[in-house]
Amino acid sequence: MARSPRLDTPLGRGSATRGAAPSRDRFGRFTEWVARAMGTPAFLLLLTLFCAAWIAWNTLMPKHLRFDDAALGFTALTLMLSLQASYAAPLILLAQNRQDDRDRVQIEQDRQRAERNLADTEYLAREIVALRLALDERTAQTVTRDVLRQELKSLLADLEHSDGARPADRDPADSAARRDDDERRR
């Protein structure tokens, strides 16, 4: 009895409408598996043992049990190995193409990451420069304030010494007149 589709499952997504969709990438994964398997010492050892057993069987066994004649150069073995090679080469090339695609994506991601790192580094460098400038400016302002304070103190001392009185005790009109005289002298 067929199940009716559930109301909370969109059409075309549930198992009631169709079977599980095979992975589009299954063949690609298969090619990579073949390429990985053929590049191992175990594969070479098994292939060597298979060929040795084939040759031993067809040379050492009685004639009625042999299936590939040594006099003809083991034609069946040669055909099998040629068939295996003719399928192995394209499968390995497909696996390499997939690896190239993955490498391209990885290189692009690395490039983007490097660009972000460069932008972050440049930002941090600008911030460090701004902090250094602010620190230099702050240091220069402190020195300027100290020098200014010292100058003001020395001027105040000169004024007190020349007048013999404190500036607070003087008449404001007299101070304005002195300033005007000082400006004219300059």
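Reply: Start with pLDDT, the predictor's confidence in each residue, from 0 to 100. This is a predicted model, so local features need pLDDT of at least 70, side-chain atom pairs count only at pLDDT 80 or more, and totals for chains, interfaces and linings use all residues. Residues are numbered from 1 along each chain as its sequence is written, and side-chain values use heavy atoms, with hydrogens and water left out.

The protein chain averages a pLDDT of 82. At least 70 is the score of 74% of the residues. Among the elements, helix H2 (residues 41-60) has the highest mean, 92. Helix H4 (residues 172-185) has the lowest, 62. Where pLDDT is low, the predicted coordinates should not be read in detail.

The chain has four helices and zero strands. Helices (H or I, at least four residues) and strands (E, at least two) are DSSP runs, numbered from the N terminus.

Glu32 is buried, at a relative accessible area of 10%. Buried means under 20%, exposed over 50%, partly exposed in between (1.4 Å probe, protein chains only). Buried residues make up 8% of the 186 in the chain.

What does Glu32 touch, its neighbours within four places in sequence aside? Its contacts (heavy atoms within 4.5 Å) are Ala95, Arg98 and Arg102. With Arg102, the side chain of Glu32 also makes a polar contact of 2.6 Å. That term means a pair of N or O atoms within 3.5 Å; within protein, one must be able to donate a hydrogen and the other to accept it, and residues adjacent in sequence count only if both atoms are side-chain atoms.
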